[in-house]
Amino acid sequence: MITSPVKTRISGFTLLELVLSMAILAIIVGMVFGTARTSLALGNTIVQTQNEEMLHQAFFELLTQRFSALPGNTRFDLQVSDSGSHYLSDLTLQNVPLGFTWGGQARIAKAVQLSTVKKRSGYLDIVLRYYENEILPDSSGNSTTPAADNKPFAEIVLLTDVAYFEWRVLDGRSMEWQYDWDLQGRLPLQVELTMAVGAKGEESRQIFWIPPKANIETQIRQMVQSGGQTTPTPTPTPTPTPVPKP
């Protein structure tokens, strides 16, 4: 009996199966890359937020140190102007000598100014300026240096893209808050700063104390006017302690 040869069928993938496998693989790869991209963007956002918070905290600490260390003869001047969309301010501290190195040279700043600068984007830059000469006018209304010399020799941008930056100062005598300050010979008791960074930035509010300190220039002026005479402080007479009788 003659048997016919058995025909073996070669197993393999059809074209349809290959297409479906490639499509499923592409979907899985896309999902993996999408998840990784989202995680990376979220991580960058968290790092950026943390960096901004650290920068803002460092800025507040800098102001806290500056205000708490002001000498008694500091000239404190705060000028505010309305630009329509923002309140622009210039906070000037004079008679606060600061020595540091700028451009490889030793410099001394007799006045520093913290100013808000409006940008084309609608946000503000917070700029710290250093002046080699005194820039505030004296009691007679005259500036201590010519206008041509009232230019900063150094500028540092401390904050950028600030939505608003507003000051208030507390008068220690009247206990009233003011939006500007030009009283010579006196410092405010407290300084309040309200600010927000970016379009969706949260509002930050910080209050700085200025410890009351004696004005050395005022004391010297009073001594000169009185002829250098000072009233001696009376020494208290000690009270004898009674001795008990035997």
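The model is predicted. The protein chain has 246 residues, of which 26% count as buried. Its secondary structure comes to two helices and eight strands. The structure holds seven salt bridges and seven aromatic pairs.

**Overall fold and surface**

- Along the sequence, the elements of the protein chain follow the pattern α-β-β-β-β-β-β-β-β-α.
- Among contacts in the protein chain with a separation of 6 or more, 52% are between residues 24 or more positions apart.
- The protein chain exposes about 17700 Å², and carbon and sulfur atoms supply 58% of that area.

- A109 is part of strand β3, which covers residues 105–118.
- The relative accessible area of A109 is 0%, so this residue counts as buried, the limit for that class being under 20%.
- A109 and V96 are 13 residues apart in sequence, and their C-alpha atoms are 7.8 Å apart in space.

**Salt bridge E132–R107**

- E132 and R107 form a salt bridge in which the closest N and O atoms are 3.2 Å apart.
- E132 lies in the loop between β4 (124–131) and β5 (154–170) while R107 lies in strand β3, so this pair ties together parts that are 25 residues apart in sequence.
- E132 is partly exposed, with a relative accessible area of 40%.
- R107 is buried because its relative accessible area is 19% and the class takes values under 20%.

- D161 forms a salt bridge with K119, and the closest N and O atoms of the two are 3.3 Å apart.
- D161 belongs to strand β5 and K119 to the loop between β3 and β4, so the pair ties together parts that are 42 residues apart in sequence.
- D161 is partly exposed at a relative accessible area of 34%, and K119 is partly exposed at 29%.

**Salt bridge R129–E155**

- The side chains of R129 and E155 meet in a salt bridge with an N to O distance of 3.2 Å.
- This pair links distant parts of the chain, with R129 in strand β4 and E155 in strand β5, 26 residues apart.
- R129 is buried, with a relative accessible area of 17%, whereas E155 counts as partly exposed at 46% relative accessibility.

**Aromatic pairs around F208**

- Seven aromatic pairs are found in a search of the whole structure.
- One of them is F60 with F208: the ring centres are 6.5 Å apart and the planes are at 50°, so the pair is tilted.
- F60 is in helix α1 (residues 15–68) and F208 is in strand β8 (residues 204–209); the pair links distant parts of the chain, 148 residues apart.
- Both F60 and F208 are buried.
- F67 and F208 also form a tilted aromatic pair, with 5.4 Å centre to centre and 50° between the planes.
- This second pair again links distant parts of the chain, with F67 in helix α1 and F208 in strand β8, 141 residues apart.
- F67 is buried, as is F208.
- Ring pairs link F59, F60, F67, F76, F165, W167 and F208 into a cluster.

**A further charge over a ring**

- The charged end of R168 sits over the ring of W177 and is 4.5 Å from the centre of that ring.

Technical notes. Residues are numbered from 1 along each chain as its sequence is written. This is a predicted model: local features need pLDDT of at least 70, side-chain atom pairs count only at pLDDT 80 or more; totals for chains, interfaces and linings use all residues. Side-chain values use heavy atoms; hydrogens and water are left out. Helices (H or I, at least four residues) and strands (E, at least two) are DSSP runs, numbered from the N terminus. Buried means under 20% relative accessible area, exposed over 50%, partly exposed in between (1.4 Å probe, protein chains only). A salt bridge is a side-chain nitrogen of Lys or Arg within 4 Å of a carboxyl oxygen of Asp or Glu. Contact means heavy atoms within 4.5 Å. Accessible areas come from the Shrake-Rupley method with a 1.4 Å probe; for residues, only the protein chains shown count as cover. Rings of Phe, Tyr and Trp (its six-membered ring) pair if their centres lie within 6.5 Å; planes under 30 degrees apart count as stacked, over 60 as edge-to-face and the rest as tilted. A charge sits over a ring if NZ of Lys or CZ of Arg is within 6 Å of the ring centre and within 35 degrees of the ring normal.
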